[in-house]
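User: Hey, I've got a chain open here and want to talk it through. Can you walk me around it?

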Amino acid sequence: MKRPVWTQKDVCRGPLILVNASHPIPAKRPPRLAPALPDQGNVLLESHAAKSLAACVKASGAQGRIRAVSGWRSRAEQRQIWNDSLRENGEAFTRSYVALPGCSEHETGLAIDLAAEAPEIDFIRPDFPRDGVFAVFRRLAPSFGWIERYTAEKEGITGIAAEPWHFRYVGTPHASILTSQGLCLEEYLASFKQGAIRFPSSEGIFHIFRIACRPDGVTLPLVLPYEVSGDNDGGFLVTVREGSA
Ligand SMILES: [Zn+2]
């Protein structure tokens, strides 16, 4: 059987890609999109992210209580939001809460802004509480592959002010590892430049490592089941399931 080859164009694809002011993504065709939540077809997410978000909302008992405010955005929409916010809120606010076009996770379809269902919702800074069903959602989110992406504690690293409403899909088991170790995505991805991680969990034992992309691409001589995601930083994260814990 011919082994798949991961090439330069794959470096900016996959659930673990880093997107921030110093790691823009190229303008590209949208991923395969689906309604962010089954009854909210006006907001879209990458299809795997959408499926896991719906499952997490359901497991939290929060159906009908959570509004998907903003999911996938085209480059043009991100530019529009940036320009509108500059005009209405000024530069300091906009730089704190709105990512530059090309540097927004929303352009990947892997990020969602959530709000408590209410008659009036703030589009830029929606209210997503920390109590009740929202607390349950927050607790369960990592096991469904979702992280709270911008916390006050990590503002100096992410460059974005605390956004308790913005969640990012990174997939499993990564969301659980990040959360249990108190890392933001920048720190988590950087940690693989020091070495591999072994993560025993109820889902199995995971072995995760990074490989740099070579000019002719990369193939993996692996026999165990594995997944590959670009890191949008010159390499790939490889997640191998070694067996049962
Ligand atoms: Zn957001």
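Predicted model: local features only at pLDDT ≥ 70, side-chain atom pairs only at ≥ 80, totals over all residues.

User: OK. And H6 itself, which of its residues are buried?
Analyst: His174, Ala175, Ser176 and Leu178 are buried in H6. The helix spans 174-181.

User: What covers those buried residues of H6?
Analyst: The cover includes strand E5, helix H7 (185-191) and strand E7.

User: What's the peptide bond from Thr172 to Pro173 like, cis or trans?
Analyst: That bond is cis, with omega near 0°. Pro173 sits in the loop that runs between E6 and H6.

User: Let me zoom out. How many helices and strands does the protein chain have?
Analyst: There are 7 helices and 10 strands. The C-alpha atoms fill a box of roughly 55 × 40 × 35 Å along the principal axes.

User: How does the radius of gyration stand against a compact globule?
Analyst: The two agree: a compact globule of 245 residues would come out near 18 Å, and the protein chain has 18 Å. As for burial, 37% of the 245 residues count as buried.

User: What does the domain assignment give?
Analyst: It gives domain 1 as 1-16 + 184-245 and domain 2 as 18-169. Between the C-alpha centres of domain 1 and domain 2 the distance is 25 Å. Domain 1 puts 10 residues into the contact and domain 2 puts in 12 residues.

User: What classes are on the domain 1 side of that contact?
Analyst: The side of domain 1 touching domain 2 has 5 nonpolar, 1 polar and 4 charged residues.

User: Sheets next. What's the strand order in the one with E3?
Analyst: The order is E3-E4-E6-E5, an open sheet of 4 strands with antiparallel pairing.

User: Why do E3 and E5 each have a side without a neighbour in the sheet?
Analyst: Strand E3 (66-70) and strand E5 (146-150) stand at the edges with a single partner strand each, so one side of each has no neighbour there. From one strand to the next, the twist in this sheet averages 45°.

User: How many bridges do E4 and E6 pair over?
Analyst: They pair over 3 bridges in the antiparallel sense, with E4 covering residues 111-116 and E6 covering residues 163-169. If you want one to click on, Ala111 has Arg168 in E6 as its bridge partner.

User: Which strands does helix H1 lie across?
Analyst: H1 (residues 47-59) lies across E3, E4, E5 and E6, and runs at about 100° to E5.

User: Now the sheet with E7. What's the order there?
Analyst: E7-E8-E10-E9, an open sheet of 4 strands, with antiparallel pairing. Strand E7 (197-201) and E9 are the edge strands, each with a single partner strand, so one side of each is left without a neighbour in the sheet. The twist here averages 20° from one strand to the next.

User: How many bridges between E8 and E10?
Analyst: E8 (residues 204-212) and E10 pair over 8 bridges, in the antiparallel sense. His207 has Val240 as its bridge partner in E10.

User: Is Asn232 buried or exposed?
Analyst: Asn232 counts as buried because 21 C-beta neighbours lie inside 10 Å, and the cut-off for buried is 20 or more.

User: Last one, Gln40. Where is its place?
Analyst: Gln40 is in strand E2 (residues 40-46). With 15 C-beta neighbours inside 10 Å, Gln40 counts as partly exposed.

User: What is Gln40 in contact with, leaving aside neighbours within four places in sequence?
Analyst: Pro35 and Ala68. The C-alpha atoms of Gln40 and Glu107 are separated by 19 Å, and those two residues are 67 residues apart along the chain.

How values were computed: Residues numbered from 1 in each chain as written. Domains from an automatic or database assignment. Contact = placed C-beta atoms within 7 Å. Nonpolar A, V, L, I, M, F, W, Y, C, P; charged D, E, K, R; others polar. Pairing = 2+ DSSP bridges. Helix = DSSP H or I, 4+ residues; strand = E, 2+ residues; numbered from the N terminus. Axes fitted to C-alpha atoms, helices over the stretch in contact; angles between N-to-C directions. Buried ≥ 20, exposed ≤ 12 C-beta atoms within 10 Å, placed from the backbone. Rg over C-alpha atoms; globule rule 2.2 N^0.38 Å.
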